[in-house]
Amino acid sequence: ILAQNSCIYFPPSAEENVLLTNQQLSELGFASLPPDFTVLLSVCDGFYYDGLEILGVKPHPRPVKNYIFAGLAEVNRPFAEYAFFKGKVIIGRMSENIIVYDDVNKLFAIIDRVNLCSQVEFSDFGSLLASLLRLCDIEN
């Protein structure tokens, strides 16, 4: 996906930034980032492609577009007061959906951002990413 011309991605996350983000998420009651997701962060600190946004640990300003690509802690913080998100962490967004990791059930899910109903669930990040790429019409 990173090779696609219109894909916007950011340099890899430093391990200390991943640890700091996990600490921030934990203090708010969210799940820690799962190991298979942190592998992606070691390649790029988030990306955006065709409406699919996978979050990184740091916010990334895009001054030319007058936009800040938000980081994981910033996106999750407003949801800390909702019991539904305890033990989960939002790792991405797509259209009217939120992409979460559910540490209690050890799965990744694409959920409707309005009614919070799970639309599809995956046992690992690779399977989730493959499904998202198919939705974006990208061959693996």
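Which residue takes a positive phi in the hairpin of strand 8 and strand 9? The residue is L116, with a phi near 60°, in a hairpin that has 5 residues between the strands. The legends below describe a predicted model, in which local features need pLDDT of at least 70, side-chain atom pairs count only at pLDDT 80 or more, and totals for chains, interfaces and linings use all residues. Residues are numbered from 1 along each chain as its sequence is written, and side-chain values use heavy atoms, with hydrogens and water left out.

**Figure 1. Overall view of the protein chain.** The chain has 4 helices and 9 strands, where helices (H or I, at least four residues) and strands (E, at least two) are DSSP runs numbered from the N terminus. From the N terminus on, the order of elements is β-α-α-β-β-β-β-α-β-β-β-β-α. The radius of gyration is 14 Å, close to the 14 Å that the globule rule gives for 140 residues, so the chain is as compact as a globular protein of that length. This radius is taken over C-alpha atoms, and the rule is 2.2 Å times the number of residues to the power 0.38. Along its principal axes, the C-alpha trace spans about 40 × 30 × 25 Å. Buried residues make up 46% of the 140 residues; buried means under 20% relative accessible area, exposed over 50%, and partly exposed in between (1.4 Å probe, protein chains only).

**Figure 2. Strand 8 and its two partners.** Strand 8 (residues 107–112) has 6 of its 6 residues buried, so it is largely enclosed by the rest of the structure. L107, A109 and I111 are buried on one side, and F108, I110 and D112 are buried on the other. Strand 7 (residues 97–102) pairs with strand 8 in the antiparallel sense over 6 bridges, pairing being assigned if DSSP finds at least two bridges between two strands. D102 stands opposite L107. Strand 9 (residues 118–122) also pairs with strand 8 in the antiparallel sense, over 4 bridges, and E121 is the bridge partner of A109. In the hairpin of strand 7 and strand 8, with 4 residues between the strands, K106 takes a positive phi near 55°.

**Figure 3. The largest nonpolar core.** A nonpolar core is a set of buried Ala, Val, Leu, Ile, Met, Phe, Trp, Tyr and Cys residues joined through side-chain atoms within 4.5 Å. Of the 41 residues in the largest core, L33, F37, I91, I99 and L128 touch the most other members. Neighbours within four places in sequence aside, I99 is in contact (heavy atoms within 4.5 Å) with residues including L52, I54, A109, I110, L128 and L132. I90, in strand 6, is buried with a relative accessible area of 1%. Beyond its neighbours within four places in sequence, I90 has contacts that include L55, L72, F79, F85 and I99.

**Figure 4. Positive phi at two loop residues.** Most residues other than glycine have a negative phi. D50, although not a glycine, has a positive phi of about 50°. D50 lies in the loop between strand 2 (47–49) and strand 3 (52–54) and is exposed, with a relative accessible area of 54%. S95 is likewise not a glycine and has a positive phi of about 50°. S95 occupies the loop between strand 6 (88–94) and strand 7 and is exposed, with a relative accessible area of 55%.
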